[in-house]
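The sequence and coordinates come first.

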Amino acid sequence: MYEFDWSSIPGSLPLLAKGMGVSLEITFTAIVVGIVWGTLLAMMRLSSVKPLAWFAAGYVNVFRAIPLVMVLLWFFLIVPNLLESLFGIPRGSDMRLGSAIAGFALFESAYYSEIIRAGIQSVPKGQMAAAKALGMSYGQAMRLVVLPQAFRNMVPLLLTQAIILFQDTSLVYVSALADFFGTAAKIGDRDGRLVEMLLFAGAVYFVLCFAVSQLVRYYQKKLKTA
Amino acid sequence: MGYSWNWGVFLQPSATGDDTYLGWMLYGFKMTIGLSLSAWLIALLLGALVGVLRTVPSKTLSGLAMAHVELFRNIPLLVQLFLWYFVLPELLPKDLGDAFKQSHPVVQQFISSMVCLGLFTSARVAEQVRSGINSLPPGQKNAALAIGFTLPQTYRFVLLPMAFRLVVPPLTSEFLNIFKNSAVCSTIGLLELAAQGRQLVDYTAQPYESFITVTLAYVLINVVVMFGMRWVEARVRIPGYIGGGH
């Protein structure tokens, strides 16, 4: 039978906490970028200006057809070199980490845009018509009437997507970023206690994601009864 | 931009000499397809079972099914994969663990990946099956019980024939996901599509050709699956239900 030895965990907690900080930072960046850029994409997709709608549809469909691992590898291995040769940035300036985070955010935006598009479409058409009849411009009607209602309906879905996104951040492992999981795996390798470290990491992810998903469920119930 | 394109690189003999780089790509492509399809089989069978159990009156059974779903939904896929590949063989009884560790590395990687992807996806399939069953009018179950069907008969003859057809459209996106998620298995060294693409970058110094090819291969898989599923969806659509519903 395997002999467990959890002794390397307490000492490495500060490093793991730092890794968790990186994970949360990536999550937070991607959520903010995802919601802002996703909203723009959703509005483009619903816009009557055809080229904008095509661009948004193409963007979303391409990112949703490619695995996140591939997107991260593109942004980790290829995009930095491309930018260097395009803009003549001196070699050696390390953009790989920033690039990986950017790729991650651009990828998640495609998923956010689909949620937001459905949210905008869930607002009855009469709302937009009424706002326009009151003399609001398209931008005002969107900002003051349609989007606030759309976002209220979307909160549970956006939060669920945030949990998925948080889990997805573990994949920045392929770009050698020291997030929570990457740190845990590295410490496990170093101390020869990979089994304990991986179990610990799994437990931490489970507790966090489970807790937030229960909160979402609670909120959803409240929204329904309200 | 000083990059020299060379699409002919795929026809060059590979670093190991016994194949071309195109051969490497095809091997990765076949691995991705084989892995995804076998994992999908596990996900479908187990997911259907767990999804049904979530709706049964027995608190124990539905509780167990719920635990299954929550466990596999709340741990990142990459972490699950590492747990299957690095941790489980250590925790198995010694004979079994040793037998696993002594088998061919490709076999180890493939089995871990298949089980991991299958169980990961089964939790998602189970949720779709559950919501399919719950979307049926409650009168159907009550009517079946009232005319003397036992509970298993009610499921077998009344609920499941409807629910399994309703659930096909939402399962399409899970089926697409399993192909994309299989790329995660490159992290334990399984030489599927994404891993081969990365290897080519290391061996040929033609990163663009390699990555563009791999990316297009995933898009191709996506398109083929989408059209295939559209055909299936049209065949199983229940007359009277617009678009199948959720």
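The largest nonpolar core holds 106 residues, and the members that touch the most others in it are A:Val69, A:Met70 and A:Leu72. The model is predicted.

**Nonpolar cores**

**Chain A: fold and dimensions**

- Chain A contains eight helices and zero strands.
- Read from the N terminus, the order of elements in chain A is α-α-α-α-α-α-α-α.
- The C-alpha trace of chain A extends over about 70 × 55 × 25 Å along its principal axes.
- Chain A has 226 residues, of which 38% are buried.
- Taking the contacts in chain A between residues at least 6 apart in sequence, 74% link residues at least 24 apart.

**Contact between chains A and B**

- Chain A contributes 29 residues to the contact and chain B contributes 30 residues.
- On the chain A side, helix 3 (68-87) and helix 8 (194-225) each provide at least two of the residues that touch chain B.
- Helix 8 of chain A gives the largest share of that side, with eleven residues.
- By residue class, the side of chain A that touches chain B has 24 nonpolar residues, five polar and no charged.

**B:Met229**

- B:Met229 lies in helix 10 of chain B, which covers residues 207-236.
- Is B:Met229 buried, exposed or partly exposed? B:Met229 is partly exposed, because it has 17 C-beta neighbours inside 10 Å, whereas a buried residue needs 20 or more and an exposed one has 12 or fewer.
- Which residues does B:Met229 touch, apart from those up to four places away in sequence? The contacts are B:Thr172 and B:Phe175.
- Between B:Met229 and B:Tyr27 the C-alpha to C-alpha distance is 25 Å, and the two residues are 202 residues apart in sequence.

How values were computed: Residues numbered from 1 in each chain as written. Chains lettered and ligands numbered in written order. Predicted model: local features only at pLDDT ≥ 70, side-chain atom pairs only at ≥ 80, totals over all residues. Helix = DSSP H or I, 4+ residues; strand = E, 2+ residues; numbered from the N terminus. Contact = placed C-beta atoms within 7 Å. Nonpolar A, V, L, I, M, F, W, Y, C, P; charged D, E, K, R; others polar. Core = buried A, V, L, I, M, F, W, Y, C linked by C-beta atoms within 7 Å.
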